[in-house]
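The sequence and structure come first.

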Amino acid sequence: MAKTFSSLTLQFVPYSEVERLDTVGRIKKLLKIVLQNKIVILQGKLKVEEEARLIEDTMALVGSIKGFKGIELAVLSPKLEDMPIVMRMRRQFARALIGEQDAITIIGPASIIREIKKDPSRIQVLLKGK
Amino acid sequence: MPIIVIPDFFKRIFLNLFKKKRHIKLGLYGPPNGGKTTLANKICKDWTGEELGSVSKIPHETREVQIKEKVDLKFKGRELTFKLIDTPGIATKIDYEDFLKFGMKKNDAKKRAKEATQGVIEAIRWLDDMDCVVIVLDATINPYSQVNITIIGNLAARKIPVLIVANKIDLHKADIKRIEAAFPQYEVVGISAKFGKNIEEFYESLFRLAKKKKG
C-alpha cells in the first residue's frame, strides 16, 4: 500500500553548491537530502559516470537503510543537436566554461514519487497519493 | 620518429603472434523485465543447444551475472565467437512490496529485493569489462527513462559499441519507432526473443556490432 504523507518539500540545489565537490561528495550531498524525504531539484546535471555511481550507492542504501526503497531520477537537458549551429556552438562553449548548468535534475525518494514521466522536452512527476 | 615506430611495429607483430585468442565479451544490459535472459536463452539455445538462465514475469529474476563462456555463431557463411554476459536489470528503486503482488511470501520478497540490489551494483561494475553491448528494451514501454539514458551514456563514455534491441514486438503496444526516436544515433532492431521473431535480422546486426568493437 502507498505510504501517505502530509507535506512535500522540494529542495533546490544550485550548481554552485556541487560545482567544487568530487563525485563522492556530490552524491553524498544529494542522497543526504533524498534520505530526508525531500525532492532535490538540482541546477545542472551529473556526469554519466556519476549517475551510474548514484545508482550503485542508492542500491547499497536500499539494502542497508530500513524503509528506503530507492530513488526516482530524471534529467531534462536541451538537445544541442536540434539547435541551429551557431547557437549550438555558443552553448558548447558556455558548457565548457561554466559546466552544464542549462539542465535540471530531479531526484526524489521512491517512497514519495511514484513515477517520473519523461518526454524529450518535459518531465511529469507523479506522486504516491493518499 | 622511425626509431620509436619500428620497435612498436615489431612489438605488435610479436604480441599478435603469441597472444591467446580472446573472445569478444558481449553484454546484455537493460532495465528489469526487458527480456535480457529470454534473448540470452534464445541465442544460447540456437548456437549451443542449452539455455542460460530462468525467466519469470516477476521483475529481477536475474540477480547475478550469468555467463556463457563460448558461443559460436555461424550465420550465412560468417562466424563470430563471443562470451555472452547476461546482467541483472538496472533499476533506481527496488521495493519488496512489488514482489508481493505476484504472490510471493514476505520473507522471499525481501530476500529477492536484497539480492536484486546487489545484482544492480554487479551489473554496473561489469560495464568496464564489455567489448560490445546489446541493450534490451521492452518496446511496449516509454524508452525515455533515466536508467536507459544512464546506461547508454556510460557505454558511450567508455566508447563501447551498442546495439539496441526493441523486444516484445509480438505485443500490440510495441512501438519500435519510439525507441528509434529516443536513441537516433544507435541501430535499433525489433525482435520477439520469446517467439524468435526477426531473430535473423538481430544476428545480422550482431556481426555489425562486433565489427565496431573497441581495441
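A:E72 has a relative accessibility of 11% and therefore counts as buried, where buried means under 20% relative accessible area, exposed over 50% and partly exposed in between (1.4 Å probe, protein chains only). The model is predicted: local features need pLDDT of at least 70, side-chain atom pairs count only at pLDDT 80 or more, and totals for chains, interfaces and linings use all residues. Residues are numbered from 1 along each chain as its sequence is written, chains are lettered from A and ligands numbered from 1 in the order in which they are written, and side-chain values use heavy atoms, with hydrogens and water left out.

**Chain A**

Chain A contains 4 helices and 6 strands. These are DSSP runs numbered from the N terminus, helices being H or I with at least four residues and strands E with at least two. Read from the N terminus, the order of elements in chain A is β-α-α-β-α-β-α-β-β-β. The chain has 130 residues, of which 39% count as buried. Of the contacts in chain A with a separation of 6 or more, 68% are between residues 24 or more positions apart; a contact means heavy atoms within 4.5 Å.

**Interface**

Between the two chains, 24 residues of chain A are in contact with 22 residues of chain B. The buried area is about 2100 Å², and carbon and sulfur atoms give 56% of it. Buried area here is the accessible area (1.4 Å probe) that two parts lose on being put together, summed over both. On the chain B side, B:T92, B:K93 and B:Q146 lose the most area to chain A, together 29% of what that side buries. The rule finds 4 salt bridges across this interface.

**Salt bridges**

Over all chains the structure holds 20 salt bridges, each defined as a side-chain nitrogen of Lys or Arg within 4 Å of a carboxyl oxygen of Asp or Glu. Three pairs are tabulated here.

| Pair | Closest N and O atoms |
|---|---|
| B:K93 and A:E72 | 2.6 Å |
| B:D98 and B:K101 | 3.2 Å |
| B:K168 and B:D138 | 3.2 Å |

B:K93 forms a salt bridge with A:E72. This pair crosses between chains, from the loop between β3 (78–86) and α3 (96–100) of chain B to strand β3 (residues 71–76) of chain A. B:K93 is partly exposed at 31% relative accessibility.

In the pair of B:D98 and B:K101, B:D98 is partly exposed at 32%, while B:K101 is exposed at 68%.

B:K168 forms a salt bridge with B:D138. The pair links distant parts of the chain, 30 residues apart: B:K168 is in the loop between β5 (162–167) and α6 (176–182) of chain B, and B:D138 is in strand β4 (residues 132–138) of chain B. B:K168 is partly exposed at 22%, and B:D138 is buried at 12%.

A network of salt bridges links A:K69, B:D95 and B:E97.

**Largest pocket**

The largest pocket has a volume of about 1300 Å³. A pocket is an open set of points on a 1 Å grid over the protein atoms alone, where a 1.4 Å probe fits, with protein on both sides within 12 Å along at least five of seven lines; lining residues have an atom within 4 Å of a point. Grid points are joined across faces, edges and corners, and the volume is the space filled by probe spheres set on the points. Of the 42 lining residues, the closest to the centre are A:E72, A:R114, A:E115, B:A91 and B:K93. The largest share of the lining, 5 residues, comes from β5(A).
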